[in-house]
Amino acid sequence: MSIYLDNSATTKPLPEVARLVYETLSGEESYGNPGSLHRLGVLAEKDLDESAAKIARLLSCKKEELYFTSCGSESVNTSIMGYVHQNPRAGKKIISTKTEHKASLESLEKLSKEGYEIVYLSVGSDGRPDLDALTAAIDENTALLTFTHVNNETGSILPLEKIIEIRNKKNRNTKIHLDCVQSLGKLPISLSRMGVDMASFSGHKIHALKGFGLLYIKTGVRVAPLILGGGQQRGMRSGTQSPYLASAFALALEEATKNIDENLVKMTELRDSFSKELADLGATILSPYDALPYVLNVSFPSFQSETMLHCLEEKEIYVSTISACSSKTKKISYVLSEMGVKRELANNAVRFSFSRFNTKEELEQTVTSIKEIYEKYKV
Amino acid sequence: MSNTYRTIILARMGEIALKGLNRGKFERQLIDNLRWRLKEYGAFSIVQSQSRIWIEPKDSNPDILEDKETADLVLHAVTQVFGLVSASLVWKFDGDMESIKEHAVKLTDEILSEHDYKTFKVESKRGDKRFPLASPEICCDVGEAILIAHPELVVDVHDPDFIIYVEVRENRFVYSEKLEGHRGLPVGTAGKGMLLLSGGIDSPVAGYMMASRGMQLEAIYFHSYPYTSERALEKVKDLARIVSQYSGTILLHVCNFTDIQLDLYKNSPQDMLTITMRRIMFEIAEELANKQGCKCLITGESLGQVASQTIEAIQITNEVVKTMPVFRPLIGLDKEETCNISRRIGAFETSILPYEDCCTVFVAKHPKTHPQRKHIVEAEEKLDIPALVKKGIEGIETYKIERVSRVNE
């Protein structure tokens, strides 16, 4: 059996999700366009509405605050660009870090070309932004803060409460967008209590389907849409909605939320013993000790990232690397490099990312395989 | 309205025309290769007359060249067949001088709808001596007709923007553009060679160049999974597929090299690793070449390009090959020239894809650039070379690489 430890890249859809999708798509009356006036349209709209209500309940927000998009990146793009474009008087300054996902960084890059001032806070070895610098940077002219809740490469968790506190003290009008793609289903998320104004989510990272993203915009926050057209979703996101993708997401989110605390405890134990075993083999753990236990970034001496990835692949264990291995240019992860990780370590970095379905046995098997790899392939 | 002409292709032979008594053999191979290359587009009648080849769709396939886009694809495919200097799309029709003028004007209309040309000239050939006008008169009349239809044009016989060619034979023909061919000699007239193919820029170009001399190709690639990825292998297959557009089907032999490489790494000195590795690769390639009936090895080496391509290093790897020559068509080329050829044959973009490999772990930081005999004797002391070569040969997997057909392109 293969061992899948690349859950931050994507996850396997739940069997319940697959069943639901099959049944919806093969049903005689369940394929309607929610915008149609006839009965099939009404059925589809009802289905969509139920999903929205369920998701809203699970994330503690109003269903009118939720929009269905095509992916996490679309949600992030819409939040960052849509907010500042819609609110030119909110200011020209945006604060973020260089360790965001590319969906954020590219949006910020575009805004910078349009004349916005982007302030990138430095991050510490724990992956967290410099809060003193944040305090100093927020001013009257600051329109938006955008941060990642959980970093996709290292699992480091954003000190959100402190950030909200600083924002509230310095400029209550400054909005906050939170990229929750990696934290959803793993950390409890309660939108109404968190103090964020916008948040982005993705379906396929929580055992739902690729092709579905979710965008939260707090009541009263105005955002310019990215996709124009038939005016669906209150004009915020045009394009025919997909009821089955939405119900798949709602179902997967419900499942993920059920035992979220127990899962976090279980995963912390698994991660702790896994990382200890790896450290005993001489590996360096690059993820901060207090990171989300679902992500573990590890540097293996004598093995370039990609070599280790293929060695593990040969044993049907699937992981990720950020650094690409090429004889000419050695690219290392910008996240690790921002955190001050040394080049030699970053060159050999491998990301293990878990789901609540990974078992102790799988991680033990992985450790055994890594030992075998060292014996056979170390040069 | 249906056309009053049929579009056909006229291709011109190059070096073959200089051949003596065995010219027929070359011509037959060229026609075979054309037929093979055009197979996916349907049946064609391919007829050679003097130094030219006329390619005409058969009745089962009459309209294939009447669609401009398809015609351009077929023309491009024709120019990829070695042995041709150029090829043109030609209109074939019947009739008198009036008909010739009409078609020449119509062709000019088409050319001017795509290009902003100002000057032109007409050239003509009269093969059918019964035709009442001589070549210069045909030129004048056709030129006049074109000027009447397009008074904005000017005749320039020295450096025209475009030329209208008129030929009067059993039928009448007009055409304008010539697409350059890849020249060379038809593949299949110069035996078979074993190409050492890597994922880089040089080796596909080397294969292309030998194929352009008429050589059929097989290739060997040394795969070091998990140090190199599955994607690197896919890339090599893609490169072989690109070369096969010119060379015809290539048998690609993938040699599992990981264990051999680890053995070398453990049992020979670091600074000689590249040399010992290349010597074993050459030995494996030679043995395979003999098995497959190849008469030479082909590499993409270029003198001085990297540490293993100094004259000393080349000599010391070359000497393990005892039964055949090693051809290195890029030996005197500048990297830029190689890159240009690579671009021209459409391999460059694939060659520079980044899944190079992690074999760099096997590359010494300071390899010996001027290895001597004593170094290699020392370096191979602890190696059981015949056993390693045997292992290499046994671990070969062979793929038949054919150019992608039009449907999948």
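First, the ground rules. The model is predicted, so local features need pLDDT of at least 70 and side-chain atom pairs count only at pLDDT 80 or more, while totals for chains, interfaces and linings use all residues. Residues are numbered from 1 along each chain as its sequence is written, and chains are lettered from A and ligands numbered from 1 in the order in which they are written.

Now confidence. For the complex, the predictor gives a pTM of 0.83 and an ipTM of 0.75. Chain B has a mean pLDDT of 91, with 96% of its residues at 70 or more; pLDDT is the predictor's confidence in each residue, from 0 to 100.

Next, chain A. Its domain 1 covers 15-258 and its domain 2 covers 259-377; such bounds come from an automatic or database domain assignment. The centres of the two domains of chain A, taken over C-alpha atoms, are 28 Å apart. Domain 1 of chain A puts 19 residues into the contact and domain 2 of chain A puts in 21, where contact means C-beta atoms, placed from the backbone, within 7 Å. On the domain 1 side, chain A has 6 nonpolar, 8 polar and 5 charged residues. For these classes, Ala, Val, Leu, Ile, Met, Phe, Trp, Tyr, Cys and Pro count as nonpolar, Asp, Glu, Lys and Arg as charged, and the others, Gly among them, as polar.

Chain B is assigned domain 1 (6-182) and domain 2 (187-408). Here 41 Å separate the domain centres, again over C-alpha atoms. The contact takes 10 residues from domain 1 of chain B and 11 from domain 2 of chain B. Helix H1 (residues 23-38) of chain B gives the most to the domain 1 side, with 5 residues. That side of chain B divides into 4 nonpolar, 4 polar and 2 charged residues.

Last, the helix pair in chain B. Helices here are DSSP runs (H or I, at least four residues), numbered from the N terminus. The axes of H5 (residues 202-211) and H6 (residues 230-247) of chain B come within 9 Å and cross at roughly 15°; axes are lines fitted to C-alpha atoms over the stretch in contact, and angles run from 0 to 180 degrees between N-to-C directions. H5(B) and H6(B) are therefore roughly parallel, a term for angles under 35 degrees. From H5(B), Pro204(B), Gly207(B), Tyr208(B) and Ala211(B) meet Leu239(B), Ile242(B), Val243(B), Tyr246(B) and Ser247(B) of H6(B). By class, that contact has 7 nonpolar, 2 polar and no charged residues.

Key. Helices (H or I, at least four residues) and strands (E, at least two) are DSSP runs, numbered from the N terminus. Angles under 35 degrees count as roughly parallel, over 145 as roughly antiparallel, 65 to 115 as roughly perpendicular and the rest as oblique. Two residues are in contact if their C-beta atoms, placed from the backbone, lie within 7 Å.
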